Every structure is written in structure tokens, then in C-alpha cells.
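Dear colleague,

Please find below the structure that I am handing over to you, followed by a summary of what was found in it.

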Amino acid sequence: MLSKETKIYVAGHRGMVGSAIFRLLVKNGYRNVIGLESSELDLRNQQDVNVFFNENQPEVVIDAAARVGGILANSKYPYQFLMENLQIQNNLIDFSLKCGVKKFIFLGSSCIYPKMSQQPIKEEYLLNGFLEPTNEAYAISKIAGVKACEAVKKQYGLDYISLMPTNLYGPYDNFDLQSSHVLPAMIRKFHEAKEKKNITVELWGSGNPMREFLHVDDLAEAVIFSMENELKESLYNVGTGTDISIKELAKLIQQITGHKGDIKWDTTKPDGTPRKLLDISKLKNEGWESRIDLESGILSTFNWFIDNLKDIKEVKLNF
Ligand SMILES: NC(=O)c1ccc[n+]([C@@H]2O[C@H](COP(=O)([O-])OP(=O)(O)OC[C@H]3O[C@@H](n4cnc5c(N)ncnc54)[C@H](OP(=O)(O)O)[C@@H]3O)[C@@H](O)[C@H]2O)c1
């Protein structure tokens, strides 16, 4: 049974996702929430993770630690995206099991599903077809994490589950143009173009792909909901259930940032998967739904970006 004194370890608590979960746990009155930066505990190191678990004995583990990045970083460094994520999650899952952790929440990504998946994507479509090649290595590591949690649940009867969020955005996102995802990259590009007297903004691809976006504070709510309730299955999608074309998204961000110039689409650059919308009915049937609509979510993220311009995260490609 969970109480406000339960020791909860949030791995990756300084990242966009981990920090949102950490903030919400504290806000909801959990008094024993712990986290370490990668400089204090490198989760790739099996020995160090072993020592950490034995010394700290967490009761709940939330795995929001991962090597993440956009198309560019993923296609340039597949080995690191595969190997580092396997190392991090294997160490966390295995030492959680060995130290008697009763609840484990593994965070993956919707890129685990086949590139040409039927839409909206149901959890059971996993491993039904080929993956998007630009992030195949990352997706394979995440699929391994899903399968490891499923195996623990099946074999040991412990509540080890995986949540697959759609594209996320919000405070503490990565705004570095070399390694960021589409939404924060657009916020930065449109803002900087506006500052430079509304110069043209150049964006990758045709603008036709359809994508779904979830505010990270909504994801944090879903994580805490999943932590506080025993869910039936071991894999759940987390999304809003609605999608938007990249072109429409660009127009919305252009309007929110106040950019008055042109948009040029560089169609020589890849589009990625044509459509990606998660079927969210499984988690909805358990009782959870997102609350933040896209326009107000982008507006608050843009305001956060402006307020934090000096310290915005620029994840340098550290390979
Ligand atoms: N962002 C998205 O759009 C999105 C969408 C779907 C799913 N997700 C999932 O959410 C999870 C977190 O993503 P995020 O966007 O929050 O990423 P992020 O902001 O880059 O944060 C990653 C976190 O992982 C930690 N980390 C990385 N390597 C580590 C290592 N070797 N040892 C210890 N800690 C390490 C980092 O710690 P330090 O900062 O201390 O180095 C950081 O706290 C990932 O599993 C990702 O797949 C993200």
C-alpha cells in the first residue's frame, strides 16, 4: 500500500519528464521522493546502480531516465541510443526486482509502434510491422524495456508497467536545434525569426505528417494515476486522442510567438512517419484522461521559454 511516506525514486528527475513527475509528487504531498543527477549516479554503470539500490531501498521506481533526441541525433548516433538506453533500463529494472521494488513505471515512447501502423495505434499493434528507420535503435531499446516489465509482471506477479507517451512538450524541454523535437524547435525558430525582424522560418519536410502532442504535466498526472492504482495490463498508451498536421502546428506556434514572416518547407528533408495517433481508450477505461488543450499548453510553454531564455536547456550532443 502506498502512503505519503513511501520512498519513490524518480530516475531522470532533472529531465523534462522526470522533473514534471517530481514536481507533481511533491505537490501531491509525497514526502519521500528521491532523485540523482547523472553526474552523481551514472545509470549505465551496473555496479553503481547496485550500490544505490542496496543503500536506498526505494519502494517505487519511476524510470524517466534515457538518452533522448530528435531525428538528427537518432540517425547519427544509433549505437548510443540503443546501448545506453538498454544499459539504463536494464540496470533499473533488474535491481528493482532484486531489491523487492513492488511498483515500477517504465516510460517509453510511441516510436515503439510500426511506422505504417493502423491508426489510431492500439497497444496490441506492437511488433506488427517495421519500425521508422530513423529511430529504430531507440525504439528497439524501448521495446526491450516494455517486454522486460511485461515479463516481471507475468513471472513474478509484480506491478511493473510501461507507459508510452505520445510527443511531449512543456517546461524544461530541450530547445537545442541540433537535438530537439519538432514543437520546442518551432517555438525557438519562430521566436528567433521574430526577433530578427520576422525573417523567413525554414522547417523540415512537407508539413503534411499528422502528430499528437501531450503536455508533460498531463503525463505526470498519468504517471501518478498509474502509480496510485493497480492497472490491469502492463502496457498503456498516454496521449490526448487528437492530432494536428505539422503545418497547422507551425501556424499555431507562429501565431502564439507573434512571428509575422513567411514559412518555407524544405521538402528535401525527411517527413518521418505519416501519421501517429495513439489509441488512448485503455487508460481512459482505467479512469485517466488528459486535461491541457494544445493551444493553452503551447502558450504556457512559450511563456516559460521567454521567462527562462537565459537558462534554457541546450542538450549538446555529448557522444
Ligand atoms: N520528450 C518527449 O517528447 C518524450 C516523448 C515520449 C516519451 N518520452 C520519454 O520520457 C523519458 C524522459 O524523456 P525526457 O524528454 O524527460 O528526456 P530529458 O529531458 O533528456 O531527460 C533525460 C533524463 O535522463 C537522465 N539520464 C540520461 N542518461 C543518464 C545516465 N546515463 N545516468 C543517469 N541519468 C541519465 C538525465 O539526467 P541528467 O540531466 O542528470 O544528465 C535526464 O534527467 C524517456 O524515456 C523518453 O523516451 C519523452
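What volume does the largest cavity have? The volume of the largest cavity is about 60 Å³. Please bear in mind that this is a predicted model, and that the values in this message are computed from it.

In total, the structure holds three cavities of 30 Å³ or more. The lining of the largest cavity includes Ser 110, Cys 111, Tyr 113, Pro 114 and Lys 115.

Helix H2 and its surroundings

Helix H2 spans residues 46-56, and Val 49, Phe 52 and Phe 53 are buried in it. Why can these residues be said to line one face of the helix? Viewed down the axis of H2, the buried residues fall within an arc of 95°, and they therefore line one face. Gln 47 and Glu 55, on the other side of H2, are exposed. The elements that cover the buried residues of H2 include strands S1 (8-11), S2 (33-34) and S3 (60-63), together with helix H4 (78-98).

Both ends of H2 deserve a remark. At the start of the helix, a side-chain oxygen of Asn 45 comes to within 3.1 Å of the backbone nitrogen of Gln 47. Just after the helix, Gln 57 adopts a positive phi of about 45°.

Asn 91 in helix H4

Asn 91 is located in helix H4. Is this residue buried or exposed? Its relative accessible area is 6%, below the 20% limit, so Asn 91 counts as buried. A polar atom of the Asn 91 side chain lies 2.8 Å from the backbone oxygen of Leu 43. Leaving aside residues up to four places away in sequence, Asn 91 touches Leu 43, Arg 44, Asn 45, Gln 46 and Val 49.

Backbone geometry

Most residues other than glycine have a negative phi, and most peptide bonds are trans.

- The peptide bond from Gln 119 to Pro 120 is cis, with omega near -15°.
- Leu 127, which is not a glycine, has a positive phi of about 65°. Leu 127 is placed in the loop between S4 and H5. With a relative accessible area of 57%, Leu 127 is exposed.
- Gln 57, mentioned above for its positive phi, belongs to the loop between H2 and S3. Its relative accessibility is 40%, so Gln 57 counts as partly exposed.

With kind regards

Methods: Residues are numbered from 1 along each chain as its sequence is written. This is a predicted model: local features need pLDDT of at least 70, side-chain atom pairs count only at pLDDT 80 or more; totals for chains, interfaces and linings use all residues. Side-chain values use heavy atoms; hydrogens and water are left out. Buried means under 20% relative accessible area, exposed over 50%, partly exposed in between (1.4 Å probe, protein chains only). Helices (H or I, at least four residues) and strands (E, at least two) are DSSP runs, numbered from the N terminus. The arc is that of the directions from the helix axis to the C-beta atoms. Contact means heavy atoms within 4.5 Å. A polar contact is a pair of N or O atoms within 3.5 Å; within protein, one must be able to donate a hydrogen and the other to accept it, and residues adjacent in sequence count only if both atoms are side-chain atoms. On a 1 Å grid over the protein atoms alone, a cavity is a set of points where a 1.4 Å probe fits but cannot get out, and a pocket is an open set with protein on both sides within 12 Å along at least five of seven lines; lining residues have an atom within 4 Å of a point. Grid points are joined across faces, edges and corners, and a volume is the space filled by probe spheres set on the points.
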